[in-house]
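Reader: I am new to this structure and would like to go through it by question and answer. Please show it before we start.

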Amino acid sequence: MDINEIISQMTLEEKAGLCSGVNSWETKPVEKLGVTSIMMCDGPHGLRKIASGFGDPNLKSNPATCFPPAVLSACSFDRELIGEIGAAIGDECVFENVSVLLGPGVNIKRSPLCGRNFEYPSEDPYLSGEFAKAFIDGVQSKGVGTCIKHFAANEQETRRFSSDSRVDERTLHEIYFPPFKKVVEEAQPTMIMSSYNKLNGDYTSESQYLLTEILRDRWAFDGVAVSDWGAVNHRIKGLVAGLDLEMPGSAEPLNDKFIIEAVRSGALPESTLDIAVERILKLIERVGNKKKESAPFDADKHNSLALRVATESMVLLKNDKGLLPLNEKAKIVFIGEFAKTPRYQGAGSSDVNPLSITCALDAVMKYTNVSYCKGYDTNNCDEPDAVLQAEAVSAAKVADVCVLFVGLPPAYESEGFDRKHMHLPQGQNSLIEAVAKENPNVVVVLHNGSPIEMPWIDSVGSLLEAYLGGQACGGAIIDILFGKANPCGKLAESFPLKLSDNPSYLFYFGERDLAEYREGVFVGYRYYDAKKMDVLFPFGHGLSYTSYEYSNLRLSKTEIDDTETVTIQVDVTNIGTIAGKEIVQLYVGQKEKDDRLIRADKELKEFAKVSLGAGETKTVVFTLDKYAFAYYNTEISDWHVLSAEYEIILGRSSRDIAATAEIVVNSTVQIPFRADVNTTIRDIRRMERSEPFLKWLAETVPFCAKINDDPEPYVPEMVLRQLWLMGMMTEKSLDEVQKTIDEKLN
Ligand code: GLC
């Protein structure tokens, strides 16, 4: 495509038309110029190709492989595996002639209540970014585009079309931007989707700050910025801000007309429109259907992959009495409708019409026979069902082991609305307690898209977090329960003991349309650790049927400048009797924090998944650069490293610390600082030329004679204005004091 040639031949109507959809999923073609239409479809864990419009709610999308949603697959901490998911979905897009996959979603899990948490990877920005990059690389390796979403600060469904997320600059750059920045700079997604909400007063679909200053000028994004579906507020403002494409387009393309009128009236320079047109044409050139034969994909292979992902991601949270793995010869009862009809994905735009579904009750037949009780009615279990509960209790009486399949019904969480609490349905809590009273050997399997409170946790022996496990969830659960697979997933989010422990609790949902992110950078484990709070299960937690020892942690250097890197090595040994995979987490924390910076105790900066046979040892190697130690400095609007001593923390989880080492990092970037009459002695002491100045002060101001000795505790808080006010300085005016400061210090 000679894009400039095409643009020169397009009419204004064609240009305006190209900037919005022809229907729910496709761009407008410009036949006479050979510009084809391209199709873009959801979603983050499987292809949802569905007819246009919001017609028949029972309309199904074309069958496709339903992989585990991000809430589970992120617990694999396995970049290669996530890449395989992306590649497989890419194959299915090629088969269906879909040019762009609308995913992944990387909003941060600020609260357990967000209805779409199931669709997002983590509360941690680093893990979210690694997940997204791996996924995007996978999909795009097939020549299919991706659309990273929802940009930005879309962490609640409540009032999502009108809510204004108020987030400070540092928190944006340290928590909410990183997953987007990572992929834009390292994976080049073909598109980015602006979210429904406002950010700091502007709709993101017309935010100059987001779509031009950050996305284009800072991160050099060269793809297409598309609105979320129906997210455009003012089309012209959007175009000027950098929103290239409106989807699905307004009814009787009203906004196209507004664009035409704006260009004709001079309100919108045609050159601005041409920029958007050029980006869309480049997108079509990059991913447009090349009229390639839509190659069929191997559905069985994809199902096996879905099984492997679920198996490698599910998290064994508790196994105190070693109830797991189960003995096939034991008398086992499965209790809970989810054993037969599992909740395997979330609801909303990510909904996939699965090619198959394997439930636990079917999968277990390959090992043994179990009895089954429904236990509850998924769609009506807010209260206990006395009959079903009684049936379960009597079955528990005669079983060796009871496996309870429980979790959140579809009505409890979805795109489009948020949860109101963190409880399981009361009918299920009551069932668990009743069964545990009858039988001490209880295993709970959870199907949920976000954390829940567990009042019964001390009454159950084992707990497997299966989350929403995709179409093959049943097989994965059974392979883990019976020990064919050794669980190796770890939590990508914290489970607080109760909702009110969560840092956003006091202000989540906001006041009408004002949603203030008042917890700042203290999201998830960053908060619970800083507050030294107990949690139900910590970020990064996950058990195995074997155990691992960490030893011989060594650093290439114990002191570096922020322009250098440091290599960290640690030996990990499988000290058990069966093979397994360990997820080694590397956190960094500032050893002694002070008033120069408020920051979390530790932040995840690397991870690696290592496969180890029984008794096997492997050395895991990480290399860190300045960004592992840096914080976002809003004075210089850039990342900066404080000169300080840092801790390298190797964890089996964010709380189970296996090894630590210290390293000094020296900053080579001086933050411009000009002292004045109101600068404290404390801050003056930190300046480069402080010594001669303080010596002069001690010699010329009797009151300060001892200022450099072991001063009174109040001395660091002093400012020179006070000394002048008390007549202790020779200067006649504050200006003269400032002049002295400028001469001798600044
Ligand atoms: C939805 C979602 C977005 C999805 C789009 C198209 O409202 O917010 O994630 O890709 O519309 O279905």
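Reader: Which residues line the second largest cavity?

Author: This is a predicted model, in which local features need pLDDT of at least 70, side-chain atom pairs count only at pLDDT 80 or more, and totals for chains, interfaces and linings use all residues. Residues are numbered from 1 along each chain as its sequence is written, and side-chain values use heavy atoms, with hydrogens and water left out. On a 1 Å grid over the protein atoms alone, a cavity is a set of points where a 1.4 Å probe fits but cannot get out, a pocket is an open set with protein on both sides within 12 Å along at least five of seven lines, and lining residues have an atom within 4 Å of a point. The second largest cavity is lined by S73, A74, S76, F77, D78, R79, I82, L127, E130, F131, A134 and F607.

Reader: Which element gives the largest share of the lining of the second largest cavity?

Author: Helices (H or I, at least four residues) and strands (E, at least two) are DSSP runs, numbered from the N terminus. Two elements give two or more residues to this lining, helix 4 (79–95) and helix 5 (125–140). The largest share, four residues, comes from helix 5.

Reader: How many residues in the lining of the second largest cavity are nonpolar?

Author: Ala, Val, Leu, Ile, Met, Phe, Trp, Tyr, Cys and Pro count as nonpolar, Asp, Glu, Lys and Arg as charged, and the others, Gly among them, as polar. The lining has two polar and three charged residues, and the nonpolar ones number seven.

Reader: What is the volume of the largest cavity?

Author: The whole structure holds three cavities of 30 Å³ or more. Grid points are joined across faces, edges and corners, and a volume is the space filled by probe spheres set on the points. The second largest cavity has about 50 Å³ of space, and the largest cavity has a volume of about 70 Å³.

Reader: Which residues lie closest to the centre of the largest cavity?

Author: By class, its lining has four nonpolar, five polar and four charged residues. Of the 13 lining residues, the closest to the centre are K109, P112, E123, S494 and N502.

Reader: Which domains each give at least three residues to the lining of the largest pocket?

Author: The largest pocket has a volume of about 800 Å³. Its lining has 26 residues, and R596, L642, Q670, I671 and F673 lie nearest its centre. Strand 22 (residues 631–633) gives the most to this lining, with three residues. Domain bounds come from an automatic or database domain assignment, and the domains that each give at least three residues are domain 3 (548–666) and domain 4 (681–744).

Reader: What is the bridge partner of I192 in strand 8?

Author: Strand 5 and strand 8 (residues 224–227) run parallel and are joined by four bridges. S194 stands opposite S227 in strand 8. The bridge partner of I192 there is A225.

Reader: Are the residues on both faces of strand 5 buried or exposed?

Author: Buried means under 20% relative accessible area, exposed over 50%, and partly exposed in between (1.4 Å probe, protein chains only). On strand 5 (residues 191–194), M191 and M193 lie on one side and I192 and S194 on the other, and all are buried.

Reader: Which residue in strand 20 is the bridge partner of E582?

Author: An open sheet of five strands has the order 17-25-24-19-20, with mixed pairing. Its edge strands are strand 17 (559–561) and strand 20 (603–612). Strand 19 (residues 580–590) pairs with strand 20 in the antiparallel sense over nine bridges. In strand 20, the bridge partner of E582 is V610.

Reader: What is the relative accessible area of D562?

Author: D562 lies in the loop between strand 17 and strand 18 (566–574). D562 counts as buried, because its relative accessible area is 6%.

Note on methods
Two strands pair if DSSP finds at least two bridges between them.
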